[in-house]
Every structure is written in C-alpha cells, then in structure tokens.
Amino acid sequence: NGYPYFGAMTMDRSNTLWYVTSGGLVRIGNDTLVEYLAFNGVHFGTGLCVDSSNNLYYSTAGNQIYRLGANGTLNVFAGSGSSGSANGNGIHASFNNPESLACDKVGNIYVWDYGNGLIRRIDQNQNVTTFAGNGANANVDGVGTTASFSLIYAMQVDGFGNLFLACGSCIRKIDASTNVWTVAGSFSQMSYANGAGAIARFWAAFGLCLSQGIVFVADANNQDIRSI
C-alpha cells in the first residue's frame, strides 16, 4: 500500500511476485513479505519479464533495459540511455520509450519499443535487432518489417516461440518466422462480443497470460477475463 503507481507484473521461478512502481520494484515473496526496491539513478519502468535462469528484466523510461540477476546484481542489459532506434550490442543500441517485455525459453528478450513503433529482440549476448515492425503508427499484419503496430500493452511467448500481443482492441500473434497476424478482435472496433477470430470484440485488452494452450486476456473496460 502507498505506492503511487504500479504497472507490469510478473512471477519469477521462485514464485515471487514482482510489480513496477514509479520509483522501483516491489517484490512479494511466498511469505507475503512486501519489499520495495528503489534503484538510485534508474528511471521509472513499465515492463517486466523473467528468463529461465530467474533473471528479471526491467524496461525504463530512461530508454534502457536492466537485468536484475538471480544473485541480486543490477546491470544495464541494453540501451545507451539516449533516444534512438540503433541496433547493436548492449549499451551501443538505442530505444525510444521501451515498454512491454517478454522472454522466450532460450532467453531472448522481446521489447515493445513504443516510441519507434518496433518490436526489438535482445539475445543473451546482448545483441539488439529489430524483430518486427516498420515504425508506422498503424496496425498492419504481414511479415517482419512489413507489419506495423500502434499500441501493445502486454506480450507473452509460448513454448513454440510464438509471441502473443495484447493490443487494446485485438490480440495479435507473431511466430518464430516473424509472420504477424490478428488472432481475435478488430483493429478499429471496440466493444464486447464472443466468437471466432474477427467476430470477437475487446474493449481495452491490456493484459494477457498463457496457460496450457489457452490465452487469457484482461479486457479492462469490459471488466472481464476472456479466454482464447
């Protein structure tokens, strides 16, 4: 209680719950002990994910991605801190307002680089590349950089390397070959409707998680948890 903002949430391999606040991270352990971790010099963050080695990744408004190691060491994983869209290694790459994060089973970190309209990928050697998107502020399905994105509120990767995206009025999917398509919902219509694919409607699909082949969606303005 008493934290002025909280955003992204994730659970690590030790069943510890983490969430972002305006000044750092909050950690809630199995014993329900709440611990606030404020990192001096680290800007406000919006995205969280955890890899298979229990390292926590944290995107910040300072245009950097941090890694909090399982041993408690905090380091810059990627990003120079300056606004830009350069690919490169570690601090030689640049981002523009990185937000949602997701991690696949081999440790690749996917970043919704909101200010650039791109989905970027960082491997465990800290190499940053553009995974999908062309920078256009639009929603267009396609392959890799022929696709475009407007808003992405949450991302998750399944065991086959498919990246699922909660995009407000729709749910989109990117496979390992960077094919992008819309799984459910509409780019332009927000309401409430169950049904297959494009028949379905969402109104503020802001969160999602995956379990046993089912995509669960937090449809905020409809006050519902939906499943695909």
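## Strands, hairpins and side-chain packing in a predicted model

Strands β15 and β16 run antiparallel and are joined by 4 bridges. This is a predicted model. Across that pairing, Val-157 stands opposite Leu-163 in β16. The hairpin of β15 and β16 has 5 residues between the strands, and Gly-161 takes a positive phi near 85° there.

Strand β16 spans residues 163-166. Leu-163 and Leu-165 point one way, Phe-164 and Ala-166 point the other way, and all are buried. On its way into β17, the pairing continues in the antiparallel sense, with 4 bridges between β16 and β17. Here Phe-164 stands opposite Lys-173 in β17. The hairpin of β16 and β17 has 3 residues between the strands. Gly-168 takes a positive phi near 85° in this hairpin.

Strand β17 covers residues 170-174 and is joined to β18 by 5 bridges, again antiparallel. Arg-172 has Thr-182 in β18 as its bridge partner. Thr-178 is found in the loop between β17 and β18. Its phi is positive, about 70°, although Thr-178 is not a glycine. Thr-178 counts as buried because its relative accessibility is 17%, and the cut-off for buried is under 20%.

### Around strand β6

Which residues of β6 lie on each side of the strand? Leu-56, Tyr-58 and Thr-60 are on one side, Tyr-57 and Ser-59 are on the other, and all are buried. With 5 of its 5 residues buried, β6 (residues 56-60) is largely enclosed by the rest of the structure.

β6 pairs with strand β5 (residues 45-50) in the antiparallel sense over 5 bridges. Gly-45 has Thr-60 in β6 as its bridge partner. β6 is also joined to strand β7 (residues 65-68) by 4 bridges, and this pair runs antiparallel. There, Leu-56 stands opposite Leu-68 in β7.

| Hairpin | Residues between the strands | Residue and phi |
|---|---|---|
| β5 and β6 | 5 residues | Asn-54, positive, near 70° |
| β6 and β7 | 4 residues | Asn-63, positive, near 65° |
| β15 and β16 | 5 residues | Gly-161, positive, near 85° |
| β16 and β17 | 3 residues | Gly-168, positive, near 85° |

Most residues other than glycine have a negative phi. Asn-15 is not a glycine, yet has a positive phi of about 60°. Asn-15 is found in the loop between β1 (6-11) and β2 (17-21). At 47% relative accessibility, Asn-15 counts as partly exposed.

### Aromatic contacts

The structure holds 5 aromatic pairs. In one of them, the ring centres of Tyr-110 and Phe-131 are 5.1 Å apart and the planes are at 70°, so the pair is edge-to-face. The pair links distant parts of the chain, 21 residues apart. Tyr-110 sits in strand β11 (residues 109-113) and Phe-131 in strand β13 (residues 127-132). Both Tyr-110 and Phe-131 are buried.

Ring pairs also link Trp-112, Tyr-114 and Phe-149 into a cluster. Tyr-114 has a part in the surface as well: with Leu-151, Tyr-153 and Phe-206, Tyr-114 makes a nonpolar surface patch of about 350 Å². Phe-206 lies in strand β19 (residues 205-211). Phe-206 counts as partly exposed, at 40% relative accessibility.

### Arg-201

Is Arg-201 buried or exposed? Arg-201 counts as buried, at 15% relative accessibility. Arg-201 is found in the loop between β18 (179-185) and β19. Leaving out residues up to four places away in sequence, Arg-201 touches Gly-185, Ser-186, Gln-189, Ser-191, Tyr-192, Ala-193, Asp-219 and Arg-226. Asp-219 is 18 residues from Arg-201 in sequence, and their C-alpha atoms are 9.8 Å apart in space.

Note on methods: Residues are numbered from 1 along each chain as its sequence is written. This is a predicted model: local features need pLDDT of at least 70, side-chain atom pairs count only at pLDDT 80 or more; totals for chains, interfaces and linings use all residues. Side-chain values use heavy atoms; hydrogens and water are left out. Patches are made of residues with over 30% relative accessible area and no salt bridge: like charges are joined within 9 Å, nonpolar side chains (Val, Leu, Ile, Met, Phe, Trp, Tyr) within 5 Å. Accessible areas come from the Shrake-Rupley method with a 1.4 Å probe; for residues, only the protein chains shown count as cover. A salt bridge is a side-chain nitrogen of Lys or Arg within 4 Å of a carboxyl oxygen of Asp or Glu. Helices (H or I, at least four residues) and strands (E, at least two) are DSSP runs, numbered from the N terminus. Buried means under 20% relative accessible area, exposed over 50%, partly exposed in between (1.4 Å probe, protein chains only). Contact means heavy atoms within 4.5 Å. Two strands pair if DSSP finds at least two bridges between them. Rings of Phe, Tyr and Trp (its six-membered ring) pair if their centres lie within 6.5 Å; planes under 30 degrees apart count as stacked, over 60 as edge-to-face and the rest as tilted.
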